[in-house]
Amino acid sequence: MKLPAALLALCLVALVALSARAQQLVADLSNHLIAITTGFTGTEVVLFGATDGAGDVAVVVTGPRTPITVRRKARTAGIWINRANVAFPQAPSFYVVATSRPLQQTVSPPQLERHQIGLDHLRLEPETEVPAERLAEFREALIRNKQRDGLYGTDTGTVTFLGDRLFRTNVYFPSNVPTGLYTVNVLLIRDNEVVSAQTTPLVVSKIGFSADVFEFARGQPIAYGVLAVAGAVAAGWLAAAAFRRV
């Protein structure tokens, strides 16, 4: 017999709470796989857990690190061209944070830096040495571009406590979420210091027909391009034929 979703979640939280009696912090996800199919429009994953007593909790979700180049355009002779760029070889493709209380009231600055909690403390190292002022400008542009795409959080999410020990938060993944292995870091904080941490993996993967198309396009780019052009030509011809009959 299939349990209702609410009852299943309650059972999972109860199991986590029992485990937490022997540990300072225990957490898990409602789903460890986000399957991207043809009709994928985004999804939410629930993170739930328990602590062995009072404290604050911070959750940091980081996507696979990838090279990103940020370019700045300037208008020259009436034409917009790239005038400068900065490459970040290890920029997270996805990054969101949720906390039980505001960061400034919860974690000391050294701990924020060490655990990269919050965009101000996210490490984005350039490929080559860049003057500090210029680096700050391009770093802000990278974050702004990611936020515009919905891949970096614009606000800090909320971790909700159910009593003194049980907690939960929802993490939203948009339809354009990159595939790969994600890390979900859960931190227990007391007296402004991180006293316990747990890392849980999360996989985002394409499956079904969309995965087959993706693999074909990556493995056979020329053939994929030819088929894509042929398909576009055929669609145009069919549309023209239908229009002539009307």
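**Close-up views of salt bridges and a surface patch**

**View 1. Arg190 and its partner Asp52.** At a relative accessibility of 22%, Arg190 counts as partly exposed. The model is predicted. Arg190 forms a salt bridge with Asp52, and the closest N and O atoms are 2.6 Å apart. Asp52 lies in the loop between strand 3 (43-51) and strand 4 (56-62), while Arg190 lies in strand 11 (residues 180-190), so the pair ties together parts that are 138 residues apart in sequence. Asp52 is also partly exposed, with a relative accessible area of 37%. Side chains of opposite charge can pair when their charged atoms come close.

**View 2. Asp56 paired with Arg101.** A salt bridge joins the side chains of Asp56 and Arg101, at 2.9 Å from N to O. This pair links distant parts of the chain, 45 residues apart: Asp56 sits in strand 4, and Arg101 in the loop between strand 7 (95-99) and helix 2 (103-106). Is Asp56 buried or exposed? Asp56 counts as buried because its relative accessibility is 12%, and the cut-off for buried is under 20%. Arg101 is partly exposed, with a relative accessible area of 37%.

**View 3. Arg148 and Asp149.** Asp149 forms a salt bridge with Arg148. The closest N and O atoms of this pair are 3.9 Å apart. That distance counts because a salt bridge needs the nitrogen within 4 Å of the carboxyl oxygen. Arg148 is exposed, with a relative accessible area of 63%. Asp149 counts as partly exposed, at 37% relative accessibility.

View 4. Which residues make the nonpolar surface patch? Leu33, Leu181 and Val203 do, and the patch covers about 250 Å². Val203 lies in strand 12 (residues 193-206). Val203 is partly exposed, with a relative accessible area of 33%.

**View 5. The whole chain, for context.** The chain has six helices and twelve strands. Of its 246 residues, 36% count as buried. The accessible surface of the chain comes to about 14,800 Å². Carbon and sulfur atoms hold 57% of that surface. Among contacts in the chain with a separation of 6 or more, 70% come from residues 24 or more positions apart. How many salt bridges does a search of the whole structure find? The search finds three.

Terms used
Residues numbered from 1 in each chain as written. Predicted model: local features only at pLDDT ≥ 70, side-chain atom pairs only at ≥ 80, totals over all residues. Heavy atoms only, no water. Patch = residues over 30% accessible without salt bridge, like charges linked within 9 Å, V, L, I, M, F, W, Y side chains within 5 Å. Areas by Shrake-Rupley, 256 points an atom, 1.4 Å probe, with all protein chains shown as cover. Helix = DSSP H or I, 4+ residues; strand = E, 2+ residues; numbered from the N terminus. Buried < 20%, exposed > 50% of the residue type's maximum accessible area, 1.4 Å probe, protein only. Contact = heavy atoms within 4.5 Å.
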